[in-house]
Amino acid sequence: MVQICEILGKECASTAICFGMHCVGASVIARNANEYQQERYLAPINEGRHITTLSFSEPGTGAHFYYPQSRLLPAGPDEFVLNGAKHLATNGGYADSYVVSAATVDPQSPAGGFSCVVVPADSDGFEVGPVWDGLGLRGNSSRTLTLNAVRVPRRDLLGNEGDQIWYLFNVICPTFLSAMSGTYLGVSSAVLEAACGYLKERRHSHSATSLSQISIIQHRMGELWSIVERTRRLIYFAASSFDAGQPTALTAVMAAKAEVADCVNTLVGEVMTLMGGITYRSNSKLHRSMRDARAAHLMAPTTDMLRLWIGRTVLGQPLLVD
Ligand SMILES: Cc1cc2nc3c(=O)[nH]c(=O)nc-3n(C[C@H](O)[C@H](O)[C@H](O)COP(=O)(O)OP(=O)(O)OC[C@H]3O[C@@H](n4cnc5c(N)ncnc54)[C@H](O)[C@@H]3O)c2cc1C
């Protein structure tokens with residue numbers, strides 16, 4: 001996941017995010033798929049005929065995406081009825097299905113009693129909001145979803161009722177955070193490469209020296225290279241720890257996404273300074289990277305939430321207390 005998103009992110013962060021969210025949704029479906037879900041969703045996903053996504057965030061609870069206010073109430077033995085609203089759903093309007101979280105119990109009760117269901121895009125009562133007009137990631141489509149008395153057959157429940165927190169820490173966080181980390185590592189590497197190329201080429205006519213020959217620029221590029229490489233090491237360490245089932249893997253995966261968010265924003269800011277006025281032109285690739293980078297801190301778990309969770313983990317405190 002990290003490697004693929006890094007390759008995609010080097011060219012286009014939007015493509016990497018859309019692919020990443022498809023993989024997150026698909027991983028949630030795949031983890032405990034029943035026979036129906038295997039045939040209805042996983043078979044066409046494997047054949048590249050079905051796009052899915054994950055839509056947890058809600059306007060009401062924002063960054064606390066593990067507190068859905070959407071309600072999934074029983075409507076007979078084999079069916080639920082789903083009501084609520086989601087926001088910023090990546091692939092919105094393009095996905096064939098949406099993995100959605102909802103409370104099956106009182107939405108005010110402590111974290112833990114929530115469920116995940118798959119909602120096909122053509123379900124009655126399911127509506128996608130206005131076209132996305134984001135600051136960055138403009139090739140994505142992060143839209144609001146309205147769930148108005150959507151009938152959800154029990155066979156579209158993922159795992160058991162109340163399993164959402166299990167999915168959150170065992171499937172969603174590792175997959176999503178790895179996708180994000182790879183994507184923004186790719187953006188960071190591309191920005192660093194662009195800077196190297198430009199600084200070698202750019203020469204002043206009065207001195208004929210290139211910017212790459214100036215000591216302060218060499219020093220600052222040394223710092224930037226180190227930031228990218230230490231972030232890369234953390235990301236790949238976290239991914240391999242997770243693959244190996246290490247007990248501290250989740251903490252490393254969380255740290256990787258928080259660090260890459262800082263890394264990519266530092267990189268685009270510094271490289272804009274180093275490359276000078278030409279970078280201030282709108283519609284350059286660097287301009288696009290700067291806008292794309294801003295979302296790295298915002299996509300939940302946000303950088304602040306991740307650092308809180310890491311601190312709580314190392315101090316042995318419960319994670320979801322606010
Ligand atoms: C481009 C993009 C794509 C997205 N795609 C998806 C998607 O596919 N699926 C999906 O489910 N969501 C998606 N989101 C939503 C995202 O994951 C967040 O849930 C959402 O951005 C939170 O926004 P908010 O403004 O409502 O947060 P708010 O809750 O208003 O938070 C604002 C700020 O306050 C901080 N904050 C809030 N509470 C605390 C606290 N207790 N402690 C410390 N800091 C706190 C947050 O970290 C954040 O920085 C996407 C967002 C963006 C920008």
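1. The protein is divided into domain 1 (13-159) and domain 2 (166-314), with bounds that come from an automatic or database domain assignment. The structure is a predicted model, in which local features need pLDDT of at least 70, side-chain atom pairs count only at pLDDT 80 or more, and totals for chains, interfaces and linings use all residues. Residues are numbered from 1 along each chain as its sequence is written.

2. The C-alpha centres of the two domains, domain 1 and domain 2, are 29 Å apart. Between them, 20 residues of domain 1 are in contact with 18 residues of domain 2, two residues being in contact if their C-beta atoms, placed from the backbone, lie within 7 Å. On the side of domain 1 that touches domain 2, helix α2 (residues 13-31) gives the most, with nine residues. Helices (H or I, at least four residues) are DSSP runs, numbered from the N terminus. That side of domain 1 comprises 14 nonpolar, five polar and one charged residues; here Ala, Val, Leu, Ile, Met, Phe, Trp, Tyr, Cys and Pro count as nonpolar, Asp, Glu, Lys and Arg as charged, and the others, Gly among them, as polar.

3. The largest nonpolar core has 95 residues, of which Val28, Val117, Ile172, Val260, Val264, Val268 and Ala296 touch the most other members. Helix α4 gives the most to this core, with 16 residues, and the core draws at least three residues from each of domain 1 (13-159) and domain 2 (166-314). Such a core is a set of buried Ala, Val, Leu, Ile, Met, Phe, Trp, Tyr and Cys residues joined through C-beta atoms within 7 Å. A residue is buried if 20 or more other C-beta atoms lie within 10 Å of its own, exposed if 12 or fewer, and partly exposed in between, with C-beta atoms placed from the backbone.

4. Valine 117 is in contact with Leu72, Leu82, Val100, Ala102, Val152, Asp156, Leu157 and Leu158, leaving aside its neighbours within four places in sequence.

5. Helix α4 (residues 164-201) has 38 residues and spans 53 Å from its first C-alpha to its last, close to the 56 Å expected at 1.5 Å a residue; the expected span is 1.5 Å times one less than the number of residues. At isoleucine 172, α4 bends by about 45°, and proline 174 follows within four residues. The bend is the angle between axes fitted to the seven residues ending at a residue and the seven starting there.

6. Tryptophan 166 lies in helix α4. Tryptophan 166 counts as partly exposed because it has 16 C-beta neighbours inside 10 Å.

How values were computed: Helix = DSSP H or I, 4+ residues; strand = E, 2+ residues; numbered from the N terminus.
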